[in-house]
Amino acid sequence: MNEAQRLVDLIPRLRRYARALVGDRSTADDLVQDTLERAWAKLHLYRRGTDLRAWLFTVMHNVHVNRVRAWRSTDTLDDEMPELAQRPPQGDALLVRDLDRAIARLPAEQRAVLLLVTLEEMSYDEVARTLGIPIGTVMSRLSRAREKLRAMMLGQPAVAKLKVVK
Amino acid sequence: MSEPSVTELDLQAYADGKLPEERRAAVAAWLCAHPEDAERIESYRRLAEELRSTYDPVLKEPVPERLQRALRPGRARRVAMVAAWVTLGIALGAIAGWHLRAMQPSAPIATDGASLMARRAAVAHATYSPEVRHPVEVGADQEAHLVTWLSKRLGTQLRPPKLEGVGYSLVGGRLLPGENGPVAHFMYQCNRGTRVTLYVRSDMGSNRSTAFRYAREGSVGVFYWVDGKSGYALSSADISKDDLLNVANAAYQQLNPP
């Protein structure tokens with residue numbers, strides 16, 4: 001199978017990741033589109049025989065970082081977001097949106113690690129290579145993201161009793 | 001603990017199902033003796049499951065055409081297509097604009113049902129479009145559910161128009177109380193963040209149709225029309241009348257196919 005076809009086959013996975021990463025459907029598809037265009041233009045830089053999925057997600061990561069930089073004012077890179085008002089649970093659809101929002105409130109770099117591990121089911125090693133960070137950083141971001149998300153879903157501020165892995 | 005030490009790395013990997021079998025057993029045994037950690041790791045595992053069940057449906061969505069096009073050579077064709085759309089939009093706008101001048105009443109807005117609808121639509125737009133966190137009740141990520149739900153409540157099959165051709169994509173929608181019953185309210189956004197909303201009534205009861213009309217309520221401009229029992233009003237506060245007309249035309253073409 002040639003690379004172009006394999007890229008096409010990976011589009012649904014890019015869309016899933018992008019949707020979780022940026023939340024809104026059309027913004028997510030914009031990100032996917034920019035990623036595909038860039039990947040297409042840079043395909044000669046991809047080394048045959050290496051992991052195309054990891055390469056493509058690296059391209060997406062770079063495109064995303066650039067886009068966020070371009071409109072940082074609207075992004076939630078900040079650790080300290082204002083607390084959302086508490087709402088009583090009102091059924092599944094709302095729970096889903098709560099999860100959406102909780103993810104949106106994670107710092108961007110933690111969100112990326114968590115999503116690559118859980119949605120893409122990448123190994124920690126693959127995540128490290130995809131994002132260009134050491135594996136220790138992958139692990140600390142992963143555990144911080146989870147603890148924060150867990151606290152948010154429980155409606156409590158994250159407790160600072162994490163055992164940080166070096 | 002006399003047990004072989006279990007690290008946080010082991011625990012994370014355990015939650016992800018990434019441990020080799022023998023290590024897995026050792027960590028499971030360790031967790032039995034540490035219920036607090038066991039509870040924490042179990043919640044991580046559930047969270048991962050919840051994430052997958054939330055976002056996996058995206059894998060089954062049809063891939064939008066524009067994404068497939070992104071991988072095709074010949075971007076010139078895409079540019080040409082955009083240009084064609086823009087030209088078409090301008091042409092439609094010009095035609096409708098000319099009609100509009102011809103039929104715009106010089107008197108202030110009458111108080112018939114359609115005008116009241118336009119007024120309510122403008123108020124709904126002004127109320128919901130500035131919302132950052134809760135612009136809609138159900139997002140476009142659940143479009144099928146949204147359409148089924150609102151169709152059921154309005155008692156008629158709704159088809160929110162696709163406005164990507166004029167640069168707007170669906171954000172989602174909500175149910176609103178209208179004059180006599182429920183009203184559907186769809187919100188669209190362009191990539192610069194400006195929003196338009198489409199207000200849909202199914203209880204006009206006049207069984208007559210009107211052409212486009214334009215009204216202004218404060219800073220909100222509204223194009224509205226009636227088609228049998230259905231009434232539509234498209235509002236925006238952020239774009240010019242001509243631009244709004246262009247969007248209204250696109251919506252009109254889809255909602256009232258010739």
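This is a predicted model: local features need pLDDT of at least 70, side-chain atom pairs count only at pLDDT 80 or more; totals for chains, interfaces and linings use all residues.
User: What makes up chain B in terms of helices and strands?
Analyst: Chain B has 9 helices and 8 strands. Those are DSSP runs numbered from the N terminus, with helices being H or I of at least four residues and strands being E of at least two.

User: How do you know that E2(B) and E3(B) pair?
Analyst: Strands pair if DSSP finds at least two bridges between them. E2(B) and strand E3 (residues 182-190) of chain B are joined by 9 bridges and run antiparallel, so they pair by that rule. The link from E2(B) to E3(B) is a hairpin of 4 residues.

User: And what makes E1(B) a partner of E2(B)?
Analyst: Strand E1 (residues 138-139) of chain B and strand E2 (residues 168-177) of chain B share 2 bridges, in the antiparallel sense. Gly139(B) sits opposite Gly172(B) in E2(B).

User: Why does the length of H8(B) agree with what a helix should span?
Analyst: The expected span is 1.5 Å times one less than the number of residues. For the 12 residues of helix H8 (residues 143-154) of chain B that should be 16 Å, and the end C-alpha atoms are 16 Å apart, so the two agree.

User: Which residues of H8(B) are buried, and why are they said to line one face?
Analyst: Leu146(B), Leu150(B) and Leu154(B) are the buried ones; buried means 20 or more other C-beta atoms within 10 Å of the residue's own, exposed means 12 or fewer, and partly exposed is in between, with C-beta atoms placed from the backbone. Down the axis of H8(B), the buried residues fall within an arc of 45°, so they line one face of the helix. That arc is taken over the directions from the helix axis to the C-beta atoms. On the other side of H8(B), Ala144(B), His145(B) and Lys152(B) are exposed.

User: What do the buried residues of H8(B) pack against?
Analyst: They pack against E1, E2 and E3 of chain B.

User: How many residues does each chain bring to the contact?
Analyst: Chain B brings 31 residues and chain A brings 34; two residues are in contact if their C-beta atoms, placed from the backbone, lie within 7 Å. H3(B) gives the most to the side of chain B that touches chain A, with 9 residues.

User: Why is Glu121(A) called partly exposed?
Analyst: Glu121(A) has 13 C-beta neighbours inside 10 Å, so it counts as partly exposed. Its place is in the loop between helix H5 (108-118) and helix H6 (124-131) of chain A. Phi of Glu121(A) is positive, near 50°, in a residue other than glycine.

User: And why does Ser230(B) count as partly exposed?
Analyst: Ser230(B) has 18 C-beta neighbours inside 10 Å, so partly exposed is its class too. Ser230(B) is found in strand E8 (residues 230-236) of chain B. Leaving aside neighbours within four places in sequence, Ser230(B) is in contact with Val200(B), Arg201(B), Ser202(B) and Met204(B).

How values were computed
Residues are numbered from 1 along each chain as its sequence is written. Chains are lettered from A and ligands numbered from 1 in the order in which they are written.
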